[in-house]
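This briefing concerns the architecture of a single model, shown below. Please keep the sequence and the structure in view while reading the points that follow.

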Amino acid sequence: MGSVQDKVVVITGAGRGIGAEVARRLHNKGAKLVLTDLGEAELTSISAELGGDGRVLTTVADVRDLSAMQGVAAQAVEKFGGIDVVVANAGIASYGSVLNIDPEAFKRVVDVNLLGVFYTVRAALPAIIDRRGYVLVVSSLAAFAAAPGMAPYDMSKAGNEHLANALRLEVAQHGVGVGSAHMSWIDTALVRDTKGDLPAFGELLARLPWPLSKTTSVNKCADAFVRGIEGRKSHVYCPQWVAAFRWLKPVLSTRLGELSVGRTAAEVMPKMDAQIAALGRFTSAYTQGLEPPPTS
């Protein structure tokens, strides 16, 4: 792809964090942006920051709603004439072990992180094919190495990796590129909120073997994403050492590979589940606030 000048890029989860940082960089490089999120205030803020210069369209949409995502794609085509890139970035995490997490919280993570990515890609794909464009599916290091207390996140990110792998084979004949992004701990609100809510999570993170205990800045992650988009890369890693875990994956699920983290989990997970019970919720306050109340 090279230059993103005048390319139309759809980004989900664009209100803050990685999505917002990628939007800033692409806008500075001349891209036309379609930014979507559930956080209306955050979208308003990023739109105002980018200047309202006719190259930014924002729309509140739930990635769990296929018709809503089809509407986002239709708006992109109507305003800008097509779609060159889609970044399926929206994602959330939950708190708690498999035994103790609220099943509805578990389901919500899978719905947002996995089905939401599928719906995003499915909605944008016809327009992407028309322009021989590029799809970036945001997975994680969690696709290669599971973390205790994060089973639905681990599941969804592993599923995202395989979605990208399958899609790459399906659309190569159309000249479409497909990449999957794999990051370790990034200094986003997701990580900060979890540390703030659950001291045991911070303890778990600190006790992971190096380099798994390290956190990387959002700026470095956004830079890696932009390079991946410009290069139509099949894999994007941040930090770069995450690439090694792709090849170590078969070893990490062996008894030897699980030994160190398993010992830490045995000590930390009971504390974490107790803290979650005292907290009274299974996700961050921000993420919980984005969920509409159930209708009677």
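Helix 2 lies across strand 2 and strand 3 and runs at about 175 degrees to strand 3. Lying across here rests on contact, meaning heavy atoms within 4.5 Å. The angle is taken between N-to-C directions on a scale from 0 to 180 degrees, with axes fitted to C-alpha atoms, for helices over the stretch in contact. Helices (H or I, at least four residues) and strands (E, at least two) are DSSP runs numbered from the N terminus. The model is predicted: local features need pLDDT of at least 70 and side-chain atom pairs count only at pLDDT 80 or more, while totals for chains, interfaces and linings use all residues. Residues are numbered from 1 along each chain as its sequence is written, and side-chain values use heavy atoms, with hydrogens and water left out.

**Helices over the sheet**

- Helix 1 (residues 17-28) lies across strand 1, strand 2, strand 3 and strand 6 (177-183), and its direction is at about 165 degrees to strand 1.
- Helix 2 spans residues 40-50 and contains Ser 47.
- Ser 47 has a relative accessible area of 18% and is therefore buried; buried means under 20% relative accessible area, exposed over 50% and partly exposed in between, with a 1.4 Å probe and protein chains only.
- Leaving aside residues up to four places away in sequence, Ser 47 touches Gly 52, Val 56 and Thr 58.

- Seven strands form an open sheet in the order 3-2-1-4-5-6-7, with parallel pairing; two strands pair if DSSP finds at least two bridges between them.
- Strand 3 (56-60) and strand 7 each have a single partner strand and stand at the edges, so one side of each is left without a neighbour in the sheet.
- On average, neighbouring strands of this sheet are turned by 15 degrees against each other, direction ignored.
- Strands of a sheet pair through backbone hydrogen bonds, either parallel or antiparallel.

- Strand 1 and strand 2 are paired in the parallel sense over five bridges, and Thr 12 has Thr 36 as its bridge partner in strand 2.
- Strand 2 (residues 32-37) is mostly covered, with five of its six residues buried.
- Strand 1 (residues 8-12) also pairs with strand 4 in the parallel sense, over three bridges; here Ile 11 has Val 87 of strand 4 as its bridge partner.
- Strand 4 pairs with strand 5 (residues 134-138) in the parallel sense over four bridges.
- In strand 5, Val 135 is the bridge partner of Val 86, and Val 137 is that of Ala 88.
- Within strand 4 (residues 85-88), Val 85 and Val 87 point one way and Val 86 and Ala 88 the other way; all are buried.

**Packing of helix 7 and helix 10**

- Two packed helices are described by the angle between their axes and the distance between the axes.
- The axes of helix 7 (residues 199-207) and helix 10 (residues 255-279) come within 8 Å and cross at roughly 160 degrees.
- The two helices, helix 7 and helix 10, are therefore roughly antiparallel to each other; angles over 145 degrees count as roughly antiparallel, under 35 as roughly parallel, 65 to 115 as roughly perpendicular and the rest as oblique.
- Helix 7 contributes Pro 199, Ala 200, Phe 201, Glu 203, Leu 204 and Arg 207 to the contact, and helix 10 contributes Thr 264, Glu 267, Val 268, Lys 271, Met 272 and Gln 275.
- The residues of this contact are six nonpolar, two polar and four charged; Ala, Val, Leu, Ile, Met, Phe, Trp, Tyr, Cys and Pro count as nonpolar, Asp, Glu, Lys and Arg as charged, and the others, Gly among them, as polar.

**Backbone exceptions**

- Most residues other than glycine have a negative phi, and most peptide bonds are trans.
- Asp 6, in the segment before strand 1, has a positive phi of about 70 degrees although it is not a glycine.
- Asp 6 counts as partly exposed, at 44% relative accessibility.
- Arg 132, in the loop between helix 4 (103-130) and strand 5, has a positive phi near 50 degrees.
- Arg 132 is exposed, with a relative accessible area of 53%.
- Trp 210 and Pro 211 are joined by a cis peptide bond with omega of about 5 degrees; Pro 211 is found in the loop between helix 7 and helix 8 (218-230).
- The peptide bond from Cys 238 to Pro 239 is also cis, with omega near -10 degrees, and Pro 239 is in the loop between strand 7 (235-238) and helix 9 (242-252).
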